[in-house]
Amino acid sequence: MQYWCEYAWLGGDTAAAGVLVGERDGVITEVAAGVACPAGAIRLAGLTLPGLANAHSHAFHRALRGRTEVGSGTFWTWRTQMYELAATLTPERYHRLATAAYGEMVLAGVTCVGEFHYLHHGPDGVQYADPQAMDEALVAAANDAGVRLTLLDTCYLHGGVGTSLNEVQRRFADADADRWAARVEEVHRRFASASVKVGAALHSVRAVAPHEMASVGSWAERHGAPVHAHVSEQVAENEQCIAVHGCSPTQLLAEQGVLGPRFTAVHGTHLDDHDIELLGHAGATVCLCPTTERDLADGIGPAGRMRDGGIALALGSDSHAVIDLFEEARAVELDERLATQRRGHHPAPVLLGAATDAGHRCLGWADAGRLAVGHTADLVSLRLDTVRTAGAPAEALLETAVFAATAADVHHVVVGGDVVVRDGRHARIDVAAALAAAVNEVWT
Ligand SMILES: [Zn+2]
């Protein structure tokens, strides 16, 4: 199959015109710029980008959208509402909800999602007859929606620093770190495939004690798998960690040997200079989730200092208050402008790199996220004739994509050589109807 792109981003500072992308068995076999559209090629209008990676997702949070915007509060009051939702989910309901949420992602140009999955067990923490029923639901949802998945099976053992699990949290927990490792080993054996990777996560320093962290790190080491953790999302999390352990969450993770090139710190909103130094020296990634961080009033992550410190940045929609990687990308720059009263910290190609190449890398897909020979054939085409994008100059198409386009401008999505979105519609799912049904179901 050949695709001819009116414009395509091949990794430089501007988009190239007239780009031919050849594909066989889901892999890019040729890329040539400045050529006319050959007979038989599929013509992709507008700007074509590599597939977008949503590096941090909790699929079930999609059902909170709008409902948590009434009244006031903090992350912690929001969490109470999130726990009410978590208590309602069964594997069947979660399959339907995640299929719809992943469908929304694919329509937004997401070709790979990192699912930070901790809803492992039934009510009161009782295992399902099939202990991997929830994992199976998520894997099936990703397959049904046509998105590649990194299932980050999350170790969650405590209710907070030095506190026990509450009623809902018992659904998240295994008996101990060894039991977590045995379960994730089985998840890996059953579900790892050409379109699914299984990685590890430790929920946070709140949920995993120092002596338990090594189990997560060593499982990931054995499998060469990514390992993610929520890190310093909250000031209170830092304060608790310092009070109990005498150091920051990042320092604690470093001391337990968890940091490294396969490690991703999610959020990093309240990292200090030493934390940034540790993560930079480790070759780690930080996954920023700006639309969630602003929704939850978490704060603004120090993205400029992170990049200066050698940390790779990835992006995630996390709680899915919105699902739009262009909005996440521009928020990194625009939030930094508000914090510094200065413009121009993160150029558009850098932000697109976070949404594509870096995101895929931190999810374990080093051969995706670029329009290059040998890479997975993921193509995301944006219209340049909508009310948001019309009139964009050819030399500023990347800036238009990052600072003006939205998920609604995505019109064609190819995932591993399969056309999953055509003319703005999902090939297999009526996503809006599926979302309405699945969200209503969990609240009734
Ligand atoms: Zn999260």
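**Entry 1: A297**

I looked up A297 and counted 11 C-beta neighbours inside 10 Å, so A297 is exposed. The cut-offs I used: a residue is buried if 20 or more other C-beta atoms lie within 10 Å of its own, exposed if 12 or fewer, and partly exposed in between, with C-beta atoms placed from the backbone. A297 is found in the loop between α9 (290-295) and α10 (303-308). I noted that helices (H or I, at least four residues) and strands (E, at least two) are DSSP runs, numbered from the N terminus. Phi of A297 is near 60°, which is positive although the residue is not a glycine.

I also wrote down what I am working with. This is a predicted model, where local features need pLDDT of at least 70, side-chain atom pairs count only at pLDDT 80 or more, and totals for chains, interfaces and linings use all residues. Residues are numbered from 1 along each chain as its sequence is written.

**Entry 2: D124**

I turned to another residue with a positive phi. D124 has a phi of about 65°, and D124 is not a glycine. I found D124 in the loop between β6 and α3. Is D124 buried or exposed? D124 has 9 C-beta neighbours inside 10 Å, so D124 counts as exposed.

**Entry 3: the parallel sheet**

I traced an open sheet of eight strands in the order β5-β6-β7-β8-β9-β10-β11-β12, with parallel pairing. Two strands pair if DSSP finds at least two bridges between them. Which strands stand at the edges? They are β5 (52-57) and β12 (312-315), and each pairs on one side only. The twist averages 25° from one strand to the next.

Next I followed β5. Four bridges join β5 to strand β6 (residues 110-117), and the two run parallel. L52 stands opposite V110 in β6, and A53 stands opposite C112 in β6. Six of the six residues of β5 are buried, so β5 is largely enclosed by the rest of the structure.

**Entry 4: α11 and L334**

I checked which helix α11 is. Helix α11 spans residues 325-340, and L334 has its place there. α11 packs on the sheet and touches β5, β6, β11 (285-288) and β12. The direction of α11 makes about 140° with that of β12. Angles run from 0 to 180 degrees between N-to-C directions, and axes are lines fitted to C-alpha atoms, for helices over the stretch in contact. L334 has 16 C-beta neighbours inside 10 Å, so L334 counts as partly exposed. I also looked from L334 to P302: they are 32 residues apart along the chain, and their C-alpha atoms are separated by 12 Å.

**Entry 5: α2 against α3**

Two packed helices are described by the angle between their axes and the distance between the axes. I looked up both for helix α2 (residues 91-107) and helix α3 (residues 133-145). Their axes come within 8 Å and cross at roughly 35°. The crossing of α2 and α3 is right-handed. A crossing is left-handed if the near helix is turned anticlockwise from the far one by less than a right angle, and right-handed if clockwise.

Two residues are in contact if their C-beta atoms, placed from the backbone, lie within 7 Å. The contact includes Y94, A98 and Y102 of α2 and A137, L138 and A141 of α3. The residues of this contact divide into 13 nonpolar, three polar and one charged. Ala, Val, Leu, Ile, Met, Phe, Trp, Tyr, Cys and Pro count as nonpolar, Asp, Glu, Lys and Arg as charged, and the others, Gly among them, as polar.

**Entry 6: the mixed sheet**

I traced another open sheet. Eight strands run in the order β3-β2-β1-β4-β13-β14-β15-β16, and the pairing is mixed. β3 (27-32) and β16 (425-426) stand at the edges with a single partner strand each, so one side of each has no neighbour in the sheet. Five bridges join strand β1 (residues 2-8) to β4, and these run parallel. The bridge partner of Y7 in β4 is L47.

**Entry 7: two domains**

The chain is divided into domain 1 (2-50 + 370-426) and domain 2 (52-362). The bounds come from an automatic or database domain assignment. How many residues touch across the two? I found 23 residues of domain 1 in contact with 23 residues of domain 2. α13 gives the largest share of the domain 1 side, five residues.
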